[in-house]
Amino acid sequence: MENDIKEIGLPLSQSAFWMKLVGVLMIIYGVLTALSIVGIIIAWLPIWMGVVLFQSASAATEATRSGDKDTLVRSVAKLKTYFTIMGITTLISLLLVVFAFLMGGIGAMLQMQGGGHF
């Protein structure tokens, strides 16, 4: 059973460096985002995502080293959390971009019709 855990966790463990790198970059991005007035509202999201990804990588490395099933499950659960947050954040961002394009298009059509006078 221990060898199965090590074998299953090996791909995650092998990508731990990249997971940690992306995690640290997300944390730095969150800190830089917090430096702006508007950014301080959303800065916690990339910081949280970076911490979760870093924790997942550390747990994957530990699970592969020790063969502990619970540690591997914790790593995969952290990865699930990361992708859930990323998916929701990306979906909201795309919806906001579509909304902005629609509002811009409506504004441009109103301006062309001459109804944009103030």
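Reader: In which helix is Ser75 found?

Author: Ser75 is found in helix 5, residues 69-112. Helices here are DSSP runs of H or I with at least four residues, strands are runs of E with at least two, and both are numbered from the N terminus. This is a predicted model, in which local features need pLDDT of at least 70, side-chain atom pairs count only at pLDDT 80 or more, and totals for chains, interfaces and linings use all residues. Residues are numbered from 1 along each chain as its sequence is written, and side-chain values use heavy atoms, with hydrogens and water left out.

Reader: Is Ser75 buried or exposed?

Author: The term rests on relative accessible area: buried means under 20%, exposed means over 50%, and partly exposed is in between, with a 1.4 Å probe and protein chains only. Ser75 has a relative accessible area of 0%, so Ser75 is buried.

Reader: Which residues does Ser75 touch?

Author: Contact means heavy atoms within 4.5 Å. Not counting residues up to four places away in sequence, Ser75 touches Leu12, Ser56, Ala59 and Ala60. Another serine can be read in this way. Ser13 has its place in helix 1, residues 2-14, and counts as buried at 18% relative accessibility. With residues up to four places away in sequence not counted, Ser13 touches Ala60, Thr61 and Thr64.

Reader: How many aromatic pairs are found in the whole structure?

Author: A pair of aromatic rings is described by the distance of the centres and the angle of the planes. Rings of Phe, Tyr and Trp (its six-membered ring) pair if their centres lie within 6.5 Å; planes under 30 degrees apart count as stacked, over 60 as edge-to-face and the rest as tilted. A search of the whole structure finds three such pairs. One of them joins Phe17 and Trp18: the ring centres are 4.9 Å apart and the planes are at 80 degrees, so this pair is edge-to-face. Phe17 is exposed, at a relative accessible area of 54%, and Trp18 is exposed, also with a value of 54%.

Reader: How far apart are the ring centres of Tyr82 and Phe83?

Author: The centres of these two rings are 5.1 Å apart, and the planes of Tyr82 and Phe83 are at 80 degrees, so the pair is edge-to-face. Tyr82 counts as buried, at 8% relative accessibility, whereas Phe83 is exposed, with a relative accessible area of 53%.

Reader: What lies over the face of Phe54?

Author: A charge sits over a ring if NZ of Lys or CZ of Arg is within 6 Å of the ring centre and within 35 degrees of the ring normal. Lys20 lies over the face of Phe54, at 5.3 Å from the ring centre. Phe54 is found in helix 4, residues 44-66, and counts as partly exposed at 32% relative accessibility.

Reader: Which residues make the nonpolar surface patch?

Author: Patches are made of residues with over 30% relative accessible area and no salt bridge; like charges are joined within 9 Å, and nonpolar side chains (Val, Leu, Ile, Met, Phe, Trp, Tyr) within 5 Å. Accessible areas come from the Shrake-Rupley method with a 1.4 Å probe, and for residues only the protein chains shown count as cover. The patch here, of about 920 Å², is made by Phe17, Trp18, Leu21, Val24, Leu25, Ile28, Leu32, Leu35 and Phe54. Helix 2, residues 16-34, gives the most to the patch, with seven residues. Val24 lies in helix 2 and counts as partly exposed at 37% relative accessibility.

Reader: How many salt bridges does the count come to?

Author: A salt bridge is a side-chain nitrogen of Lys or Arg within 4 Å of a carboxyl oxygen of Asp or Glu. By this rule the count is one. Glu62 forms a salt bridge with Arg65, and their closest N and O atoms are 2.6 Å apart. Glu62 and Arg65 are three residues apart in helix 4, which means about one helical turn separates them. Glu62 counts as partly exposed at 30% relative accessibility, and Arg65 is exposed at 56%.

Reader: Which residues is Met49 in contact with?

Author: Met49 lies in helix 4 and is buried, with a relative accessible area of 3%. Leaving aside neighbours within four places in sequence, Met49 is in contact with Met26, Tyr82, Ile85 and Met86.
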